[in-house]
Every structure is written in structure tokens, then in C-alpha cells.
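Colleague: Could you walk me through this one while I have it open on my screen?
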Amino acid sequence: MKVFLAFARQSFHSIAIYRFDFWLRVSTVLILMYSIRWVWVALYTQRPGAFGASLEQMITYGVLSMAIENLFYSFGVQYYMSQQVRSGAIDVDLLKPLDFHFHMLARNTGQMLFRLFIMILPAILCGYLFFGLRPPATPLAGFQFALALFIGYLVGFHLEFLLGSIALVTLDIHSIDWAFNALLRFFSGQLVPIWLFPGPLGTLASLLPFRALFATPLSIYTGLLNGEAIINAVGLQLFWLAALVLLSRWFWNRIQARIISQGG
Amino acid sequence: MIQVEHLTKEYKRVIRREGFLGSVRTLFSAQYETIPAVNDISFRIDEGELVGYIGPNGAGKSTSIKMLCGILVPTSGRIEVNGLIPHKERMKNTRQIGAVFGQKTQLWWDVPVIESLRLFRDIYKVPEAQYKHNLNLFNDLLDLHEFQNTPVRQLSLGQRLRADMAAALLHNPRLLFLDEPMIGVDVVAKERLRNFIQEINRDQKVTILLTTHDMVDIEKVCSRIMIIDHGHIVYDGSLAQIRNQYGKQRKLVVEFEEAVPDFSEPNAALVKSEGRKKWFAFNRFETSPSTLIANISSRYPILDLAVEEPEIEEIVRTIYQGKPGNARENGT
Amino acid sequence: MNAFQLYFRLIHISLLSRMQYRANFLVGLLGLIVWNLVNLGLIGILVTQFTSLKDWTLWELVFLYCLWILGHSLYALFFSHTDQMETYLIEGTFDQFLLRPASPLIQVLGREFQYLEIADALFALTGLGLAYTHLGLRWDGWHWGFFVIAVMSGAVIMFALNLLIACTAFWTGRSRGAAFVAGQFYGLVQWYPIEIFGKTFRVIVTGFLPVAFINYYPSLLLLNKLDRADSAWWLSLLSPLVALLLVGIVSGVWRLALNRYSSSGS
């Protein structure tokens, strides 16, 4: 646990060095929150009945989805891994008396925590003040949202970790990452709520892990999911988390053995 | 060839503040500290010299080399390479220098070596006759023809380095930078590369600056060494000089006819004892070996003996550590 | 060797490199297919639920989107690897560029050649063709000429903007994050006709981050919507000028970036 905190803290501090990067992201989040509000207004006025929700709820959904954007893709685990293997520095990481998976999680979480306090919470505040982000449907929903978001974060991390591991085998991270991001944007419900998906596509979306990142927590927050539906949704999140953790560890152990035997 | 006067390079670094609030404050207003990577160094290298450039990691080696290549602009001081100021005339300077980096190849990874060489030929505008001549030279000295059609990623480390040497010398540069070129190379290949380096230095009068951590490279190849530490040149001279100046200690290795108990001599310290052998360290300015031998042989019968020169590595380590006494004897 | 010759030699060698990896080709193709399917899917969904957006019909939206993709694919074919600038800096590749008597910019641009983007271009052309037919458009010579110019301007604008973003790596050490958020921005803005956004936003994407010139303004002209939208008609013709202006700006920034690199190292 101490080790975890040590890495987290190290990651935490290193963000402050990249000031320009930080301010760039902050301004982008604001612009995106502003833009998405307009998109929803336009879509909603077009056909109010399409969403099964009020305009305020949709705006909250959209603006909040932009605000929490930076919770994910924090550290770019997949890029870190790819870079380390290419430069050979992966050996240093593997020699540490520390589980690599755990190590990566600690680093990622450090950055995430920093972003949470410095970017996400202020963004949510701005969203509330300027862009029409409403408070959670009920205080309980707010708490459940935070929980679901945390689980979503863990799911997102493991997806990236798995991606990084796969990329080590195929050697090319970029195309895979593009494809992954496209899938993520689509199935996570960040840009278009997944309950709008027609028939079979909607069913697929509700089963995949991607919704754990955005759709589930956001729906809980806006009150679009409640009662038993929440339990189902969170249950699915947890199921995917467990599956991804196991898959990540299994896959990574195999790759680690391969790296060690081949010498990088 | 190379003229460096009072060269200084300072970097600005963000000061890391402690704690959570510290990090937050850094986001809004960062404070910088100035770090001198290279601090007022001066030296001169004539054409045709083969100089070893050594120093601990972070001493300023790569910074100074980058400035010589024109990649980095100095904070102050004067630097001239064959009449050109590198950072002011970067492109022109690149035509007269070549570089081999041990850690990273210049060649394109997935294509045959010869493809990379062809492209370099065109980038550097090497006349066809010169190109052919150089290829023949490399075939002779580096066995280039053995692997020129192999993609770089399939080459052994030794082969890759040979290919990099060919690429670096293709345009007949006057000055060659070798940055740790022999890391991880086996002894046979090393010997071969060393010979190659000496040969082109001798035959083509290519000035060579060799950065290395391997003292054997230095001893075998270089006539002169420069030692840089914490941004300062702490030594600049020939190997013989450095041994004279700093290596006052010699070792007398005596093998006795049979194992004898440890003893000490005036003016000589017993530093090691193993079986029938004993190592005595003495200051060659204070004692002569013959006196020591006479004294020791009068105690016990000697079977064999040898006098060891001070190891460069040991000397350099002493210099790195900035030990007074030995290191400051005659000044630098 | 002049700039063009150098550039073509570089992509020739990069193409040779890529040919070595068949697995990568397949993965790359897969990635591209997925990306396009996803984007198509999103449009499809939006369109099944909303038959039109303000006064833009389905096929007009398809046209808008494909016009962007066409410009984007041309840009990406040659230059999409600029988001790897941070890697070139970290791994010392950029130092090697500076050691050669050749423009470091050309060497960066020539580093890779994403031939797979041709698939994207074909996809976009198909979409545009279908939209053209379904909308019953009839273009004369001027329109076709403008179309070609608009597409090329779009590609140049994307090139300039993305190079600007890549240059941030010289100051911040990172470019990938910025490239990612830019991608986000494009993803949101290029899809929708900007008239649905508020006035402030329209001013921003016209005057400051002129992405509207990539597909929106040219579309107004090409789709005969000039009288319907409440934008000045001459904006549609400005794309090439905007492209040139951005190229001028980015060459200045590139020079600054080089200066920065040579004074502060990595």
C-alpha cells in the first residue's frame, strides 16, 4: 500500500511540470462542454421525444461527460509500455521488486487523482455555473455516481493495460489505439447515449465493458437509471472489471516471460 | 580543428515544490533554477588527433558534444569547428562531421543497409566516384559486403556498429564523434572496431572524439584524453602524462618460494596477499623498485616478481572523486 | 537534393520499411475499418433518430462529414504521424535529423507514409458521390474546380493545425495529449453544421481555430445553401486563403520550435 502511494505521489508531482499540457487540456474541456451543450440543444429541439429524458437531463449528461473525460486516458499506459519496450527500458521496470501491473496502476492512479482535483472537480463546477450542469438527481445518486465512476476508471485502466500488452506483440500501437479509441467513444455512450442505439447494436452496447466508463455513471447521476437498474449496471461493471483484471494478468504474465527470455 | 573557449551551457529547470499545494502552485507560477551543464570549458583539438573524452554520467559530455555538432546553442563562450561556428552554420557544419551513437542507430531499421547508404549518399551529395571508393574501403576494413543487403534489425550488434561507422564516414567527414560506440560488443568485434578507428585516423587524418566508459578503449586507441566532471574539464593531456602526474603509485607483485607471513616494508604498503603472492604499493618518487626488491629478497627468497603500472581506471576514478594530494600534484 | 526530392526519397524508404510488416498492415487496415464503421454508425444512429438537423437533411450531413474525411485522409496520408513528435524528441531521433544537411521539417514529415489512408479517401469519395446523387446536385465547371480547391485547402488546414499541435512538444515535452484533445475537438465540430452552435462558438471556429473552413463553409457553397444559412457568402471562398495563412503561421512557429530546441536541449 505504501508503495502504491509512493508511485501515486510521484506521478502526481510530475504533472505539475507539464504546465502547458495542463492548461491546454483545461481549455479544451471548457470548449467541449460549451460545444456539446449546443449539440444537445439542437438535437433536442429537432425531436424532443427521442431521448426519453428532459433537455436539462441531456445537457447534464453531455456536459458532465466532457468534464470527466480526463479521468481516463490519464497516463496512456499503452503508450508507456510500448515506449519502454522499444527503448529497452522495460527491463528496468521488470527488475523492480514490484508487480508490473500494480506498478502501472499506481502510476496511473497518481495522475488520475491529480487530474481529479485539479481538472475534473473545477470542470464540474464550471459546468454547473456556466453550462447547465445540474446537481445529481438525489444525494444518493451522487454517491452511487462516484462509486460507479471509480469502478469505471478501473475498467478503463485495465482496457488500456490490455491494449498495451497486445500492442507489444503486434509492435504497432497506433492503429490499435485508434481503433480502440473509436470503439470506446462509440460504445461508451460519451457522445451518443447508448439507449439511442437501434436494436441489436443497443444490446451489444449494453453488454460490452465500454459503457462502464461513461454511460453507467452518467445515467446514474442524471437519474436515468435508478433502483434495480443501477444494481444491474454496476454489477455488469464489476463483472467486466474482474474479467479484465484476470485477462490482463494472464496476458501480461505471458508477455513478461517472453520479454525476459528474448531480452527486450 | 576544434577550438573551444570558455564554453558554458546552462539549463533552466522547474523547481519542484513539495506537497500537494506546491504542485498546484507550480501549475500557476513555476519557478526556475539555472543548472550549468557545462561550465567554462576550454580546449583545442588539432586535425588528426584521436581524443578520448570521458567523464561520469551527467558530467556534461553529451551537452558539449551537442554544442560541437551545432544541435545546442551555448549560453556563452566561443566554439569553432574547422573554422565554422556550429550552431550558427548548422547545415554546413553537418557536412564536415560524422557521428556514431552506440545506443541508437542512424540507419533505417527495416531496410537493407545499402538502401540507407544510398540515401545518405544523396543527402550528403557524395560524388559517385567517392561513394564507390568508400564502399570498397568499407568492404575491406569492415566486411560491409557481408551484410549490406540485410535489414538493420537483423544485424548483430557488431555488424550494426560497423554499418553505422560506414554511414558516418560515407561523406568523408573531417571530424568524427563516437559516442559510446562499443557498448555491449564482444571482445573480438571490439578489437576490430578499435583497429578500424585507428586506421582511418592514421590514413585519412580524420579527427576523432571518442566518448567511452571503457578504459581499455582509451589505453589502446587514444593518444590524448580529456576528463570532464560536473561541467569542468579536470584533466586534458596524454596518457603518459596522466600516469606521471597522477599515478605515483606503483605496485610490486612478489611471488615467494613458499607462503610467508604478512609483513610491511618502510615506504611500501602491503595491499593484498594471496597464497604465495603479495602486492606492495609504493610511491615511485620515494622508493625505487630495486631498493624494495633488495629489501624484500633479503627477508625471504623470491620466486618471481613484476612491477605494475597504475591502472588508468583507478587514476580516473581518483580524479572523478576529486581526491586532493595525488590529483593536485602538478596542477592541470 | 531539394525539399521535394528529399521528401520522396524519405517516404520511399519508409514505404519499404512498412512493407516488411504484413501483420501491421492487417492490423492497420482493421483499425481503419473500425474507425470508419464507428463514425458511420454514429451518424447512422443520429440520423435514424433525427431525420434532419436544423435545415440540413441526412444526405447533406453525409456530404459535410465526407468532405471533412476526404481532406483529413489526404492530410493523414502524408502527415498524420506528426502526433509522434514527442517520441522523436525523447528517443533522440530528432537529434539525428539535426545532424544531417537536410531540413529537419522534411525529415519529420517524410518519416512515415500512411498508405492505408487511401481507404479512407475512397470511403469519403463514395460517400460524397452518393450524397451528390441523392441530393440531385448539378455542378458546373466552377463547382468542380472549387471542390478540388476546397478539399486541398482542407487538407492543408488540417496539416497546419496538427503541426502546430505537434510543435507543443518542443515546449511541453508532450504532443500526444494535445493531439488527442484536438481529435476530440474535430470529432465534435466537424460533424455538425456550425449553425447549430451559438454565435460565440461560430466566431471561434471561424476566426481563431478555423476548422469551419475545412468542411462547413465550402459545403455551403457546394450544396447551394448560401442563401439559407445566415453567414456571409464570401466566407465560403476563403478556405484557400485561410490555408495559406495557417501555413505561414506554422512555419513561423516551427522556426521558434527549432530555436527553443537548440537552446534548451531535450
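**Chain B and its backbone**

Modeller: This is a predicted model, and in chain B, among the contacts with a separation of 6 or more, 70% are between residues 24 or more positions apart.

Colleague: How many helices and strands are there in chain B?

Modeller: Chain B contains 11 helices and 13 strands, and its C-alpha atoms fill a box of roughly 75 × 60 × 40 Å when taken along the principal axes.

Colleague: And what share of chain B is buried?

Modeller: Of the 332 residues in chain B, 35% are buried.

Colleague: Switching to the backbone, what is phi of B:Asn82 near?

Modeller: B:Asn82 is a residue other than glycine with a positive phi, near 50°. Most residues other than glycine have a negative phi.

Colleague: What about B:His230, what is its phi near?

Modeller: Phi of B:His230 is also positive and near 50°, in a residue that is not glycine, and B:His230 is placed in the chain B loop that joins β8 (224-229) to β9 (232-238).

Colleague: How many C-beta neighbours does B:His230 have inside 10 Å?

Modeller: B:His230 has 16 C-beta neighbours inside that distance, so B:His230 counts as partly exposed.

How values were computed
Residues numbered from 1 in each chain as written. Chains lettered and ligands numbered in written order. Predicted model: local features only at pLDDT ≥ 70, side-chain atom pairs only at ≥ 80, totals over all residues. Helix = DSSP H or I, 4+ residues; strand = E, 2+ residues; numbered from the N terminus. Buried ≥ 20, exposed ≤ 12 C-beta atoms within 10 Å, placed from the backbone. Contact = placed C-beta atoms within 7 Å.
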